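Here is a short note for a colleague who is new to this structure. Please read the points with the model open.

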Amino acid sequence: MQKEIVSFSETDDNDFDNELLDALEMERSAIQEGLLGFMTALPTTPEFITYEAVYFPKNHFIRQENMATEEYLSYFFPFDELDFVKRGVESRWNVSDTSMIALTMAMGSQPQAVTMSFQREYAESYEWLLKEFTDWAFTFVSAFLYYQDMDKLDDMQKDLYRQGMAAFGGIAPTYHIELLEKPTIVWDFHSLLLAIQMMFSFMLTDENSSLKVCKHCGKVFLASRPNTIFCSGQCKNQYNVYKSRAKGRKEDLTDEQ
Ligand SMILES: [Zn+2]
């Protein structure tokens with residue numbers, strides 16, 4: 001009996017250890033890929049912290065159009081009480097340890113949204129990130145299927161695709177011009193989300209984009225040439241085999257008639 005209890009608690013511990021390992025692994029890859037500071041559900045202005053309330057463009061995560069700034073901040077600082085002094089335009093992060101002071105000074109010229117995502121206590125909901133990635137995958141595949149299946153889609157299906165695509169979009173980043181070797185536009189992204197959304201949009205609309213969906217297996221792949229439509233030689237062969245078989249069946253049918 002005693003032994004059973006012991007082994008039972010050991011199993012529990014193992015489960016807990018595994019969960020912890022998963023979480024740590026996720027954190028490690030998020031840091032490695034630079035995915036912290038995503039800032040899902042970003043308010044319309046990057047300087048939102050100096051306002052009493054924040055306003056949101058349409059998003060999946062916060063359904064309200066606006067909310068008190070401090071309530072909004074609590075979404076991204078769920079674990080620690082936020083050390084933040086709110087006095088209108090004079091609002092500031094109240095940091096005390098030296099590394100954070102250095103960081104905040106380095107971020108001095110950056111929008112408040114950027115400073116926020118670099119605070120030590122900053123956190124982001126895993127569910128939100130997951131949803132964002134799923135939506136991108138959906139948008140990406142829709143952009144291909146719409147044209148690939150155009151002849152097979154009826155008007156209602158086409159309309160659904162178009163509506164789904166129109167729902168994708170973000171807040172426009174601001175920009176300024178720098179006098180480098182020649183006058184150059186510099187985009188001011190105030191969140192990682194915004195930067196990724198915009199690059200994703202350029203990629204979707206770029207005819208020469210090297211990211212494609214395989215015509216046979218439907219997997220996403222990087223094409224070495226602009227006119228490649230299959231992810232591998234195997235897929236190309238299989239597709240052609242199926243196509244000629246289908247053609248053969250059709251001819252068989254015609255013969256019988
Ligand atoms: Zn393939």
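At what angle do helix α5 (residues 126-148) and helix α6 (residues 155-166) pack?

1. **The α5 and α6 pair.** The two helices, α5 and α6, pack at about 145 degrees, with their axes 10 Å apart. Axes are lines fitted to C-alpha atoms, for helices over the stretch in contact, and angles run from 0 to 180 degrees between N-to-C directions. The contact is made by Thr 139, Ser 142, Ala 143 and Tyr 146 of α5, and by Tyr 161, Gly 164 and Met 165 of α6. By class, this contact has four nonpolar, three polar and no charged residues. Here Gly counts as polar, and Tyr as nonpolar.

2. **Basis of the model.** This is a predicted model: local features need pLDDT of at least 70, side-chain atom pairs count only at pLDDT 80 or more, and totals for chains, interfaces and linings use all residues. Residues are numbered from 1 along each chain as its sequence is written.

3. **Overall make-up.** The protein has eight helices and eight strands. These are DSSP runs (helices H or I, at least four residues; strands E, at least two), numbered from the N terminus. Of its 257 residues, 9% count as buried. Buried means 20 or more other C-beta atoms within 10 Å of the residue's own, exposed means 12 or fewer, and partly exposed lies in between; C-beta atoms are placed from the backbone.

4. **Ala 143.** Ala 143 lies in helix α5. Ala 143 counts as partly exposed because it has 19 C-beta neighbours inside 10 Å. Not counting residues up to four places away in sequence, Ala 143 touches Met 165 and Leu 204. Contact means C-beta atoms, placed from the backbone, within 7 Å.

5. **Helix α7.** The 14 residues of α7 (residues 192-205) should span 20 Å at 1.5 Å a residue, and the end C-alpha atoms are 20 Å apart, which agrees. The expected span is 1.5 Å times one less than the number of residues. Buried in α7 are Leu 193, Leu 194 and Gln 197. Seen down the axis, they fall within an arc of 95 degrees, so they line one face of the helix. The arc is that of the directions from the helix axis to the C-beta atoms. The face turned away from the buried side carries the exposed residues Met 199 and Phe 202.

6. **Thr 50.** Thr 50 sits in the loop between α1 (2-32) and β1 (53-55). Leaving aside neighbours within four places in sequence, Thr 50 contacts Gly 88, Val 89 and Ser 91.

Key: Two residues are in contact if their C-beta atoms, placed from the backbone, lie within 7 Å.
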